[in-house]
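Please examine the sequence and the model shown here before reading the account of their geometry.

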Amino acid sequence: MRKSSLLECLTAVLLALSCAAARAEIPLYKLDPYDQITLGKADENKVLKIEPLNLTPKQIARKIKSRGKVTVNLVDSTGKTYEIRWRSIVKAETFGELILNKAVKFSAIGKFDDAFDYFTFLLRNKPKTPGLNEAIDKSLQAEVMRANEKQQYDSALALLRELHRRNPEFPKIESAQGKMTDKLVEQYIAKRDYASARTLLRSLAATFPGNTVVAHWRNRLQGETAPLLAEARAAIDSGRWGKAAELSRRIAEIWPDLPGARQLALTVHRKFSRVVVGVGSFAADFTPGKLNDWPARRDSRLVYRTLTEFAGPSIEGGNYICPVGEISSEALGRQMAIKLKPGIRWAKGDATLSNSAVSMRLLEMAVPGNPAYRLDWADLIGAISLRGVYGVEVELRRAHVRPEAMLQIVLTPRNYTASSGEPPPTNGPLVIKSRSEQETVFTANHQYFATEPGQPMEIVERRYDTVAQAVRALKRGDIEVLDRVNPWTLTELRREEELVVQPYALPLVHCLIPNLHRPLLSDRTFRRALVYGIHRQVILELMLGGKEIPGCKVTSSPFPLSIGPNDPMGYASDESIKPRPYEPRLTIALAGISLQNYIDSPAGKKQKLEEMPTLVLAHPSDEIASGACASIKLQLKLVGIPIELRPITGPMPERVPDDVDLLYVELATWEPVVDARRLLGEDGMSGKCSPYMSQALRRLDEAVEWGQVRTCLHRVHRLAHADVAVVPLWQVVDHFAYRERIRGISTRPVSLYQNIEQWRPAFQYPSEK
């Protein structure tokens with residue numbers, strides 16, 4: 001035989017084998033239907049696949065007993081018909097019976113998934129196949145036994161429930177479900193997952209009322225909670241409401257249906273309400289008014305009430321309140337009169353706030369070297385005098401449009417010194433009770449001067465690694481407030497009927513703060529290269545999930561932009577200054593020039609730098625900042641500028657650290673007339689500024705009316721843009737979410753706890769869910 005003929009023969013054989021193998025892999029129910037008959041010994045017990053007879057199994061059985069003949073078409077032959085005597089047929093199986101037999105075989109060898117596919121086909125297409133329901137029940141029973149052997153009790157229980165749904169009279173089904181429920185409840189109780197345990201018991205009781213397993217666990221859990229109820233009542237009698245609230249929550253966690261437990265919880269709620277808040281990170285310090293620290297701005301309102309507080313935007317600048325008294329302007333803005341409320345105390349001790357303590361704090365702000373020193377205040381203040389017992393009069397060297405903005409300061413007793421290293425004593429509505437890696441608990445300050453009836457007596461902040469985890473907890477009711485919602489999840493949350501999603505009053509401006517003392521970053525050319533190398537619009541669109549959110553836009557300014565046509569808070573930004581476009585080629589050119597200039601400089605020669613160094617970019621550890629910085633790193637890598645990301649786990653630094661090239665910040669520059677210096681001045685976040693910027697800030701300090709302020713701030717914006725004093729990225733309007741049962745939360749607050757005294761959580765008990 002020729003080689004070519006042999007090759008052709010082998011190819012044909014292999015093709016035939018592969019076709020047969022492929023056919024064997026196809027499930028029987030996906031083949032064209034056929035019946036199967038088995039002939040007697042006289043016909044050598046042949047098994048024939050024939051085209052369907054379209055007869056039921058009972059009709060075929062009667063025919064086999066008759067003397068007639070049947071005409072059949074074999075499946076494997078084309079167009080040929082055969083006559084066969086009915087009595088020569090020993091066994092005949094319809095296509096449905098063949099599929100059922102196959103399913104039974106799969107079940108017998110433990111291939112339950114395959115058996116399920118076959119059973120499903122029959123239920124949908126041939127539900128009257130004899131023996132189908134009995135076979136399914138036996139298969140489910142066998143699968144239950146295997147799951148039990150593998151200690152997969154949840155799967156076994158699910159299978160038993162399906163078996164009961166199909167056949168409520170299946171032998172010993174109640175006993176089997178009871179035993180499996182008992183094993184699962186034992187596991188849940190060991191993990192302290194009482195809610196899941198109760199769900200299983202309720203389901204079993206609904207299916208089989210009076211089941212002994214339900215009675216056993218009800219008695220056991222009631223036995224555990226009854227002493228707690230007695231202890232909680234004793235705590236109420238002795239006025240220990242915090243302890244009573246803790247015990248009440250414990251009872252509700254274990255067995256909320258305990259007689260008397262609901263009434264106890266209602267009594268405790270009326271005296272000691274509690275709100276659980278989901279957060280991404282805890283505050284490392286509680287200094288009020290920080291420009292670039294979200295957790296500190298959020299939590300400082302819980303523990304501190306400052307001399308003045310930013311309450312929101314107004315027609316001209318911010319609106320300020322004095323929670324500890326009243327502040328008025330006199331003598332055409334050249335004088336401030338402060339009148340304190342009597343009896344204001346700190347959380348600890350018996351000392352009360354006096355006008356002498358306030359005057360000392362105001363003087364400390366004017367003393368160089370003091371931790372509270374502010375250059376703008378020192379330049380503005382003329383003299384301080386006391387009026388009576390509670391009054392303070394401040395003489396100013398000149399009028400100022402918003403001197404209250406400088407007075408967002410922590411108030412301290414006269415005997416307190418910052419050099420002691422201890423944080424200032426607190427005077428807010430709550431104090432820190434406990435802190436752990438997962439929770440910070442704030443409890444009521446019983447000496448708080450502005451307590452309102454019904455305000456929350458305990459705030460629990462619970463940390464989540466991702467906002468997605470926090471959102472799921474909010475939907476389940478594990479938390480009642482979420483302090484910050486990622487922009488790309490807003491649409492999803494707004495669909496939830498029981499949730500309210502609100503924007504905060506003012507946007508945050510996201511920027512990169514360059515370290516002007518580091519190589520390359522001290523060169524304006526290189527800073528311009530960075531701006532041109534970051535495609536800010538693309539990153540912002542990704543951050544927003546492709547949606548348009550009012551107020552979220554790329555910016556050229558470190559100050560807020562107007563959100564709408566009548567928004568007064570954009571007064572500091574000159575919106576004729578457009579953001580620099582994305583120009584990667586220009587980045588490569590400018591960065592190359594800057595690098596070469598540095599290499600040729602004495603410092604560069606000493607360092608022996610030959611290529612672009614890796615820049616360190618520090619950033620907050622939240623998802624928004626981390627995602628943005630990852631995109632910035634990728635984009636700058638494409639233009640030859642390597643970046644090392646460094647998440648910040650502690651408090652946000654008030655200026656760029658010495659060992660960092662760039663600092664990603666989310667700025668709350670909500671009062672630019674005073675925040676401009678804090679950001680861009682000699683002691684600002686970069687630690688340095690140009691003579692031109694210093695002069696512009698000095699003129700801003702001297703402005704006495706809003707027209708001058710606006711002109712000066714526009715000049716500051718132009719200088720910052722030209723010099724790239726900061727790398728502005730985008731402006732984002734943040735949102736928070738809460739469950740409807742929390743009432744009294746103000747619309748568009750400046751910060752989450754701005755009106756914490758008005759929060760009123762409605763009573764809700766677990767058994768009512």
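The paragraphs that follow treat the cores, a sheet, several helices and a few individual residues.

This is a predicted model, in which local features need pLDDT of at least 70 and side-chain atom pairs count only at pLDDT 80 or more, whereas totals for chains, interfaces and linings use all residues. Residues are numbered from 1 along each chain as its sequence is written, and side-chain values use heavy atoms, with hydrogens and water left out.

The description begins with the interior. A nonpolar core is understood here as a set of buried Ala, Val, Leu, Ile, Met, Phe, Trp, Tyr and Cys residues joined through side-chain atoms within 4.5 Å. Buried denotes under 20% relative accessible area, exposed over 50%, and partly exposed the range in between, with a 1.4 Å probe and protein chains only. The largest nonpolar core comprises 95 residues, and Leu-307, Leu-362, Ile-459 and Trp-759 have the most contacts inside it. Its largest share, 7 residues, is supplied by helix H24 (residues 706–723). Helices (H or I, at least four residues) and strands (E, at least two) are DSSP runs numbered from the N terminus. Apart from this core lies another, of 64 residues, with Tyr-194, Leu-200, Leu-258 and Val-268 among them. For contacts, the criterion is heavy atoms within 4.5 Å. Residues up to four places away in sequence being left aside, Ile-459 touches Val-275, Val-277, Leu-302, Leu-430, Thr-440, Val-441, Phe-442, Tyr-753, Ile-756 and Trp-759.

The 18 residues of H24 should span 26 Å at 1.5 Å a residue, and the end C-alpha atoms are 25 Å apart, which agrees; the expected span is 1.5 Å times one less than the number of residues. Among the buried residues of H24 are Trp-706, Val-709, Cys-712, Leu-713 and His-714. The cover over the buried residues of H24 includes helix H22 (672–680) and helix H23 (691–702). At the N-terminal end, Glu-705 caps H24, with a side-chain oxygen 2.8 Å from the backbone nitrogen of Gly-707. H24 is followed by Val-724, whose phi is positive, near 50°.

H10 has 14 residues and reaches 20 Å from its first C-alpha to its last, close to the 20 Å expected at 1.5 Å a residue. Ala-244, Ala-245, Leu-247, Ser-248, Ile-251, Ala-252 and Ile-254 are buried in H10. Helix H8 (194–207), helix H9 (212–237) and helix H11 (261–271) are included in what covers the buried residues of H10.

Attention now turns to a sheet. Strands of a sheet pair through backbone hydrogen bonds, either parallel or antiparallel. Here 4 strands form an open sheet in the order S9-S10-S12-S11, with antiparallel pairing. Strand S9 (325–330) and strand S11 (381–387) stand at the edges with a single partner strand each, so one side of each is left without a neighbour in the sheet. From one strand to the next, the twist averages 15°. Two strands are taken to pair if DSSP finds at least two bridges between them; S11 and strand S12 (residues 391–396) pair in the antiparallel sense over 6 bridges. Arg-387 has Gly-391, in S12, as its bridge partner. Helix H13 (residues 355–364) lies across strand S10 (335–340), S11 and S12, running at about 170° to S11. Such axes are lines fitted to C-alpha atoms, for helices over the stretch in contact, and angles run from 0 to 180 degrees between N-to-C directions.

Arg-298 lies in helix H12 (residues 294–303) and is buried, with a relative accessible area of 3%. The side chain of Arg-298 reaches the backbone oxygen of Ser-281 at 2.9 Å, and a polar contact of 2.8 Å joins the side chains of Arg-298 and Asp-299. A polar contact is a pair of N or O atoms within 3.5 Å; within protein, one must be able to donate a hydrogen and the other to accept it, and residues adjacent in sequence count only if both atoms are side-chain atoms.

Most residues other than glycine have a negative phi. Glu-44, however, has a positive phi of about 60°; Glu-44 lies in the loop between strand S1 (35–39) and strand S2 (47–50) and counts as exposed at 62% relative accessibility. Lys-172 likewise has a positive phi, near 60°, in the loop between helix H6 (153–166) and helix H7 (173–190), and Lys-172 is exposed, with a relative accessible area of 73%.
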